[in-house]
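Subject: Structure handover

Hi,

Here is the structure for you to look over. My notes come after it.

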Amino acid sequence: MMMEFLEKADFSPLFISLKTGIAATVICFFLGIFAASRIYRAGPKTKALLDGLLTMPLVLPPTVAGFFLLLIFSLKRPFGNALYTHFGIKAVQTWLGCVIAASVIAFPLMYRNARAAFEQVDENLIHAARTLGMSEWEIFRRVLMPAAKPGIVSGTVLTFARALGEYGATSMLAGNIPGKTGTIAQKIAMVIQNGDYATAGFWTAVIIVIAFVIVVIMNLGTSGR
Amino acid sequence: MPLEVNIRKTFDGFQLHMEFTAEDGVFAFLGASGSGKSLTCKCIAGIMTPDEGRIVLNGRVLYDSERKINLSPQQRRVGYMFQDYALFPNMTVLENVLCGFSGNEAARRRGPGRGFRTEYIEKANDLLTRFQISELSGKYPSELSGGQKQRCAMARIVAQEPEAVLLDEPFSALDSHLRWQMETEMRTILASMGKPVIFVTHSRDEVFHLADRVCAIKDGQAEVILDKKAFFENPGTRTAALLSGCKNISKAERKGPGEVYAADWGVTLHFRERIPEQFDFIGIRAHYFSMDPKDGEHEFEILESHVTEDPFEWTVSFRAAPEGQMIRWKLPKRNGVPPEIPRYLYVRDEDIMFLRK
């Protein structure tokens, strides 16, 4: 019976979720580290303000983020409309929407972990690098990033995990189009509504296994030093 | 070539105003913790910016608030050794030393596999040999002992070819038995440098071993700047005397020609010659008391005393007047037998220091 189920099952939610998770993680990795590297040395007031702003998606319900994303990207709205007519870019009801929604929701995890990691780096290492004549970019690449590595790694992994399981904002912006925007999280919600507990159970198991593997990898990766 | 500094900075309610010129050789900052020694170094290196003033090194303006000049640390060519050495933990000893060439365009290799040119890698290896850490070339800082870390940090600074060097309490992270050895090594290196070296410390022993000139710092100000010998002979002020290790200091006032009353001790001293015009305190080092009347003109009667045992000497605290403060006398230990306390102690004229506030 299990074999029969597997043969008939549509595995697209797994691939859509993985693809979304990876794309969102790449985006958040660069944006998060960039934002963190700018903000961690800012003055206390600037820091409090920008930090509060960038943490919002983490503390608000994802549907609130979804609402704002629709305000921006809806084809009936000026920005979303301009984006579509001039560049042919459409976020609503597309895979791009999945990536944007997942990125917005997962971004604070990357940013906050990176910022905390940068803040813990011994200031004197940076000062020493400066007096030795290393350029700011070199210091970032060869001193700051390596010293902040454990925090950056855990931030990246958490970002991937969060992006992989994003539901609220994704369902509002990208919808649940099977084979296109139907992620695992949306699949589970949909089949439960139809009372199909077997399929829901299967996808639940899949997501549990992935989450567990991620956390184990993270622990192994960060306990090395 | 000199390093001229005249800067002011208010920092966390603390006022720094340092003015001095350091010539080639070791210029020691001697002061209690929090007196502004490290802050001054950070301003010289460009890690912190003063509120106003001027810093000139070899005629090159590093900072000038009026002319709005403020070179970055990278442009200053000032070597800075941190208390904990600040070695990069993700780089090997060799890579750390190579970082000293970072500001040197000639050392850079262009194109694929960028890094340093072979002759500079050889230069770095030579430095490792000179600093006796060539076997540790591939090790990471966490695998090194305190002394090895210090050698690596020093090699990195020498590679940088700085025009001035700042050593921020370089021995404070070392065990005491290692300190002596590293001090000896450091003396050789510093002597061969021929550059202004600022040496931050709160240890008078380190100052005595390493420095050419001494700058006693109190509350963010350079109180006295003297040659080392002169500093230990007569530090000039009360703070400087305390920093130089003088244990006995009393408020003092002139009573008549050659007559001085030491208020804290309750003792009147009669000098045969040379009393300076102005002084507020007098000081006597604890080792300068003698039991032999031939060794001094000034007599201190011991009214009351108690003895403390130190590892290699005895400390006798005594009063010379009923209401007077305790005066300390240190004498070497022999056979572990406590000293017999005499009735009188003697001090020579020239062993009494006249100090200003």
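Below are notes on chain B, one of its sheets, and a helix in chain A.

This is a predicted model: local features need pLDDT of at least 70, side-chain atom pairs count only at pLDDT 80 or more, and totals for chains, interfaces and linings use all residues. Residues are numbered from 1 along each chain as its sequence is written, while chains are lettered from A and ligands numbered from 1 in the order in which they are written.

Chain B overall. Its C-alpha trace spans about 85 × 55 × 35 Å along the principal axes. Chain B has nine helices and 23 strands (DSSP runs numbered from the N terminus: H or I, at least four residues; E, at least two). Of its 357 residues, 39% are buried (20 or more other C-beta atoms within 10 Å of the residue's own; exposed means 12 or fewer; C-beta atoms are placed from the backbone).

The sheet. Three strands of chain B form an open, antiparallel sheet in the order 19-20-21 (strands pair if DSSP finds at least two bridges between them). Strand 19 (304-309) and strand 21 (327-332) of chain B are the edges. Six bridges join strand 19 to strand 20 (residues 313-319) of chain B. B:Glu309 stands opposite B:Trp314 in strand 20.

The helix. Helix 8 (residues 136-147) of chain A buries A:Ile139, A:Val143, A:Leu144 and A:Ala147. They lie on the same side of helix 8 because they cover an arc of only 85° around the axis (taken from the directions from the helix axis to the C-beta atoms). A:Trp137 and A:Arg141 are exposed on the other side.

Best wishes
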